[in-house]
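Notebook open, one model on screen.

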Amino acid sequence: MSGNDNPYSNSFGQMSATASYGGAPAAPAQAAAPVAAGGYIKDTTTATFGKDVIEESRNQPVLVDFWAPWCGPCKQLTPVIEKVVNEAQGRVKLVKMNIDDHPSIAGQLGIQSIPAVIAFVGGRPADGFMGAVPESQIREFIDRVAGPAGADQAAEIEAVLVEADGLLANGDVNGAAQLYGAVMQADPENARALAGMAQCMIAANQHERAREVLSELPETMAADPAIQAVVKKLEQIEEARKLGDPVALEDTLAANPDDHEARIKLAKIRNVEGAREEAADHLLYIMRKDRTFDDDGARRQLLQFFEVWGFKDPASVSGRRKLSALLFS
């Protein structure tokens, strides 16, 4: 997307340098050598997940790789992520879970596509990615969850994006758009920056413009999780417009707190209004009362919210903590 295509182009900022990712080309992937006991990589099961992941992540971040033997992209990711984890020398550990043999944990966490890697820090999910991503992105991911091994241009861009995210969260749409635009000037294919710019358009009530921009992306960029999260947010906004009057729904729940259908509708409306924790609490209420309602529909809806909000959003952190307490207590 060029500056001429963007309504915030006049407020684009400048970065001090262009972005350079990935460094030297990665060496051809090789099969990982067996890891000795006490190493950085191991397999886990449903029974040992608590010890291998929850407890161990209180010592250092633990990456959980959900995979299956039939999954081609999993076979592409395995040698790359094992290589990077071994080279990290204990900054993180890698725990692998075969979802064919042990499907329950992946199901409870809402894993719908593999390979999927979720980082646990301090006993809780903290960040994640899906797909056979390049080695450079795995290194950046480990730097995010374990702290950077060394400062570089990617870290500078990451810092700008974090600042932009903060400005947007605090309602400074123009300030956020300026920083996202600066990143896009340095790296026009930075999906996270473009997703942030689309979020600015949504915040400015330019929903149609955001849809137009996102519909024009190349296929590889359109599949990026950050872009997909904004697309789903737009879908949630459109759906919420058709769900009725929130005041009337509140009156319905005052008369009958266990009208779960009305509660889910109200949760969806509160979500698009920005009342994320309230939306999550409505769905958690349904889960506590009746997990069978709509085939566990409240949990599925909550996981969709988390996907759009992102791993680091305070409402996601709070909601996942409450969900974990409900699921694993």
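I started at the turn: in the hairpin of β4 and β5, with two residues between the strands, G122 takes a positive phi near 65 degrees. Before going on, I noted that this is a predicted model, where local features need pLDDT of at least 70, side-chain atom pairs count only at pLDDT 80 or more, and totals for chains, interfaces and linings use all residues. Residues are numbered from 1 along each chain as its sequence is written, and side-chain values use heavy atoms, with hydrogens and water left out.

I found β4 (residues 116-121) and β5 (residues 124-130) running antiparallel, joined by six bridges. V121 has R124 in β5 as its bridge partner, and F120 stands opposite P125. My strands (E, at least two residues) and helices (H or I, at least four) are DSSP runs, numbered from the N terminus; strands pair if DSSP finds at least two bridges between them.

Then I zoomed out. The open sheet has five strands, in the order β1-β3-β2-β4-β5, with mixed pairing. β1 (41-43) and β5 are the edge strands, each pairing on one side only. Helix α4 (residues 135-146) packs on this sheet and touches β2 (62-67), β4 and β5; contact means heavy atoms within 4.5 Å.

Last entry: where does H102 sit? I found H102 in the loop between β3 (93-98) and α3 (103-108). Not counting residues up to four places away in sequence, H102 touches T44, T45, T46 and M97. Its side chain reaches the backbone nitrogen of T46 at 3.4 Å.

Key
Axes fitted to C-alpha atoms, helices over the stretch in contact; angles between N-to-C directions. Polar contact = N/O pair within 3.5 Å; in protein donor to acceptor, adjacent residues only side chain to side chain.
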